[in-house]
Amino acid sequence: MSSRWGLRFLGLGYLTLLLLIPLAMIFYKTFEDGIGPPLDAVTSPDGLHALKLSLLMVAISVPLNTIFGVGCALLLVRHKTKLNPGIDAVINLPFAVSPVVIGLSLYLLYGVGGWFSFIGEEGLKIVFAVPGMVLASIFVSLPFVVRETVPVLQEIGTDQERAASTLGANGWQTFWKITLPSIRWGVAYGIVLTTARVLGEFGAVTIVSGSISGQTQTLPLFVEKQYANFNSTGAYGASLVLALLALITLFAMNLLKRKEDA
Amino acid sequence: MGISVEGANKRFGGFQALDDVSIEVPDGSLTALLGPSGSGKSTLLRAIAGLEDLDSGLVTINGENATGKPAQKRGVGFVFQHYAAFKHMTVYDNVAFGLKIRRWEREKISQRVHELLDLVQLPGLADRYPSQLSGGQRQRMALARALAVEPQVLLLDEPFGALDAKVRKDLRTWLRNLHEEMHVTTIFVTHDQEEAMDVAGQLVVMNEGRVEQSGSADDLYEHPANEFVMSFVGEVNRLGDHFVRPHDMEVVLDRDERSQEGLVQRIVTLGFEVRVELVLSDGTEVWAQLTRAELQRLELRESQIAYLRPVQAKSFNGSSPSLPDGASTPLGSRDGGDAGLPAAV
């Protein structure tokens, strides 16, 4: 009995110290001088642009990674080939490699003198522009949908799909009517994680974006810039917006989890 | 007409799942593929359905070459051991699935689905989800779903394997009756010989990827082609080179020149039937099937000595000239030593 309470106390204490107090501090600091200053910072043209850009990253990366992720999971689980272990390992790369390194590698590839620098010369600016930031966001958030979908696909097995095919359904009909509805919670969970990752991405995006205010700044970059320019209130305000977005995604995740358990 | 498979071969890595298998299933019949797990029976069934590609061989369904045709175009109804219910759909939508794929009109679908739900005795459950049904109900729903598209053949892969004994027996009878009504050519895979004999008119016994024997239940029981069929279809004791059915083992209390001594180890009463387990002097364990009345007449008890007299035995030992393959020999007419039975001590 006492050991259980001890464990609870330890767990809660650890979480409070490391997660809750720092987050509460942001909240407190933001509104230290009333709601005016942080609101001004967040609604400044640069702040609003950063928020829009962050949402744009989500709007592009999440659908692409979802389509790729589901397709890749189907390949890994349903079509066993000799290449699969290799593909499986490569998909985990974004988890293993530091985002800064990812940013640098993109810079080396698309930047001045890089192999693909001709694309920039043709007029589509990649580095220090939105396309490069999208590439970085896709890179860092690529594994989530695959990782969440693979176990669900394995668990549902192939019987339902086989049954559908004996009933006359072709591959496409089977996918839309049987496979996708069966894995939907796994995919949704992956989407939520992808969204959270893209919203919070800093390292890779910093390098390829150049963090130009009002142009290539996402919310995390905006926070960092405000902080570096000694505008703490602005940094806190934007942080709070980020934290709120994260909370919304976490809340969505919890809802999905509950639905999955039911 | 019906279904025929010729020279089917299928290999999974180093495992030969089907080894030159040929079967002939008459139109409108109810045939059981019987065999232990790993015998290739399910692979054969899936190959007929188009769910598995053969390495070589020919599948013909109702006179039409179906080899290489995708499952969706073969017109087969398939029922899986674990139901394969579409979990995210109601019973209605499960049964209607094949009809919606075929773009039937809404009213016709509704009419057909309700007909089928009546047929499988699930009326009123149309709005339930599979998770709200019992195993037996789920399997009947799966059967209705397979029948909805009016398949040319119905294939059932261990359909009652996941159900408990009572439900299983009910469903067997029910399936037999259903087949009598519908007359759709049906193949049914099972590892349970009693189930196969109970339901099917024709049995195909498989082992290690090959067909051992096919025929009616009586045929297989009375004239097994080999040792495997004899021991798989029905119970059997082995006495040297001879195989004796437990009900062909006579238990007596006094010895004579044809009997063997045994120690009664265990007496198990299974309702009307009594199972007497004995150990012979050479350590062979055998059992005899007696009726309750016989047991009472003998006043047999555990740990006592009794004598066994095989009434009828079979030998598949080709090297013995006096006992041709599959010959049925009343042992009484032979002297014990020659018949390969260890002499009584």
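Helices are taken here as DSSP runs of H or I with at least four residues, and strands as E runs of at least two, numbered from the N terminus. On this basis, the elements of chain A in the predicted model run α-α-α-α-α-α-α-α-α-α-α-α-α-α from the N terminus on, giving 14 helices and zero strands. The C-alpha atoms of chain A fill a box of roughly 70 × 65 × 30 Å along the principal axes. Of the 262 residues in chain A, 40% are buried, and the chain exposes about 14500 Å², of which 71% is supplied by carbon and sulfur atoms. Among contacts in chain A with a separation of 6 or more, 73% are accounted for by residues 24 or more positions apart.

Chain A also contacts chain B, with 17 residues taken from chain A and 21 residues from chain B. The area buried between the two chains is about 1700 Å², and carbon and sulfur atoms give 62% of this area. A:Arg162, A:Thr166 and A:Leu167 supply 40% of the area that chain A buries against chain B, more than any other three residues.

Zero salt bridges are counted between chain A and chain B, whereas three residue pairs across the interface are in polar contact, both residues of each pair being at pLDDT 80 or more. On the side of chain A that touches chain B, the elements giving two or more residues are α10 (159-166) and α11 (171-200) of chain A. The largest share, seven residues, comes from α10(A). By class, this side of chain A comprises six nonpolar, seven polar and four charged residues.

How values were computed
Residues are numbered from 1 along each chain as its sequence is written. Chains are lettered from A and ligands numbered from 1 in the order in which they are written. This is a predicted model: local features need pLDDT of at least 70, side-chain atom pairs count only at pLDDT 80 or more; totals for chains, interfaces and linings use all residues. Side-chain values use heavy atoms; hydrogens and water are left out. Contact means heavy atoms within 4.5 Å. Buried area is the accessible area (1.4 Å probe) that two parts lose on being put together, summed over both. A salt bridge is a side-chain nitrogen of Lys or Arg within 4 Å of a carboxyl oxygen of Asp or Glu. A polar contact is a pair of N or O atoms within 3.5 Å; within protein, one must be able to donate a hydrogen and the other to accept it, and residues adjacent in sequence count only if both atoms are side-chain atoms. Ala, Val, Leu, Ile, Met, Phe, Trp, Tyr, Cys and Pro count as nonpolar, Asp, Glu, Lys and Arg as charged, and the others, Gly among them, as polar. Buried means under 20% relative accessible area, exposed over 50%, partly exposed in between (1.4 Å probe, protein chains only). Accessible areas come from the Shrake-Rupley method with a 1.4 Å probe; for residues, only the protein chains shown count as cover.
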